[in-house]
Every structure is written in structure tokens, then in C-alpha cells.
Amino acid sequence: MLLRGPSRFHHVLVLLLWMWMFLLIWQHYHGPNHGSAGQKISRKIASSSQSEDSQDKETTKSITLPADHPQHPVAPTAPNGIEALLSSIAKSTEYFVNVAIQPSEFSQLGGRLQVLSTWLSARETLSSIMSSSQLISLDSHIERTIISLFPFTRHPKQPKNAQPFTTLRKSFGEGSSGIVIVGHKSNLRHILHAIQNIRTVLNSSLPIQVAHAGDRALPPSLRRFIIDTAANVTTINIPTLLDPKPTDLERPDAAPALRPFAALASSFEQ
């Protein structure tokens, strides 16, 4: 089953959108082609946040979908209604997969994510009256759309996995809570201070995971030192769990771009 609960699932989608926004900005400002494109993206993001009403209008105007796609699918009760809905979703999935979003059209990502959210809501509403084959078909469309929007959700060791989002969801410990810190050898002192404050000042026993971008960013010797600092502290290597392929994430100043990846790569549900 793809979903465990509507609120948890939609929270992950919001996190994915946040991650992709960081990636686009990071690539255009720190990658080989940084410059005007990145500035256009930043201006589009800034202008889209002027007001909630104007943002909704902009999203509605900018979203591009096949003509017969239902913006807000209504839960049908007849079998032919479900088949019609699946047929429409299938056409939209093919469009999303085959028509890539250009960097200058960042609002399209939010629009497609909004459509994906309606599919998830429809699945939750219709799951009790859908056949197993229909559920499998709908889950396949959802997974393919998520892969097209967020290709980094695929595990680097499972590049052909057709259900990376389901796999990622299963990696979260159900009901688990913890603290995630982004780590780099350049801010080792801050990492150690944070861990000590959490344990001795806040008296928190929550598990702590220190996320990093590989051995160059945080060598094994420093990781062992961090783990020995306090109880229930572990480290996670983001590139071994997600496949973001961004530019220079091992740089000390890449921490802002790593934070959403660290949250998603952790094993904590909260």
C-alpha cells in the first residue's frame, strides 16, 4: 500500500518541493551555468510569495495539463467512473513524464505537485471501492509522476526501482521522532556543541542523526568521534541514500542545500 496517512504523505510532498527549490537555486548560483537563470528563478519565487491569493492565481494560470484532465477529481461510485478517472490520470502522467519543466518555468513544478496531491486524495477516497488492479495502476501513475518531478528520490543502489517513493516511505520508522543535524568537517565544533546542549542543557534523549555529503565532507575518523560524543548519536551519508546529483554539495557553504535532503534521508518520521 502506497499511503500510510494523508497528512504524513502530503508533508513529504511539501518537503520534496522544498528540496527541489533548493536544488534549482544551488545549481544556478554555484554550478557552471550560474547567473541570469538563477536570478530569474529567485525573482519568480519571491514574486509568487507576495500574497496567498496572488500565488493561487499564478499557479492556476501557469499550470499546463492535458485538456481532459480533471483539476479536482470527484470520487465516482460507478466502476466506469473510476476507469474514466484512471484514464485521465494516465494521460496526464504521460504528459508530465514526457514534457520536462524548464528552469524558467519553476511555477510549473508547484502546479504539477498540486495535481499530484489531488490524485493522492482521490486514492484515499476511492481505495475501498477500487480493485487491486486499479490500485496498482494508480500507484504506478503516482510513482512515475513523482520520479519525473523528483528524480533524486531513487536510491543510488536501486536505479531501476519503479517505486522509489514507496521505498523511501518505508525507510521511516513509523511513529519515530529525532533530531537531524547537517555536518561538515568545517563546523565540527558547532556539531559537538549542539549535541552537548541537546543532551545536557535541554535534557533531551531523542536520537540524533548527523547528515553529511560523503567522506570528503565528514571523514570517517570525525564521524566516529561524533558518535562517541554522546549516546544515541549516528551519522547518515546522504549520497548513499538519495541521488540528488547537484553541484559541489561537499563544500562547507552547501549546508542550506543539504538540510531538506538530510530531513528526507533520515529514518525519522518526525
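A salt bridge is taken here as a side-chain nitrogen of Lys or Arg within 4 Å of a carboxyl oxygen of Asp or Glu. The model is predicted, so that local features need pLDDT of at least 70 and side-chain atom pairs count only at pLDDT 80 or more, while totals for chains, interfaces and linings use all residues. Residues are numbered from 1 along each chain as its sequence is written, and side-chain values use heavy atoms, with hydrogens and water left out.

**View 1. The salt bridge between D215 and R223.** The closest N and O atoms of D215 and R223 are 2.9 Å apart, in a structure that holds three salt bridges. D215 counts as partly exposed because its relative accessibility is 45%, where partly exposed lies between buried (under 20% relative accessible area) and exposed (over 50%), with a 1.4 Å probe and protein chains only. R223, by contrast, is buried, because its relative accessible area is 15%.

**View 2. The salt bridge between R144 and E94.** Here the closest N and O atoms are 2.5 Å apart, and the pair links distant parts of the chain, with R144 in helix 6 (residues 132-149) and E94 in helix 4 (residues 79-98), 50 residues apart. Helices are DSSP runs (H or I, at least four residues) numbered from the N terminus. R144 counts as partly exposed because its relative accessibility is 30%, and E94 counts as partly exposed because its value is 35%.

**View 3. The salt bridge between D139 and R123.** The side chains of D139 and R123 meet at 2.5 Å, N to O, joining distant parts of the chain, since D139 lies in helix 6 and R123 in helix 5 (residues 107-126), 16 residues apart. Both D139 and R123 are buried.

Conventions: Helix = DSSP H or I, 4+ residues; strand = E, 2+ residues; numbered from the N terminus.
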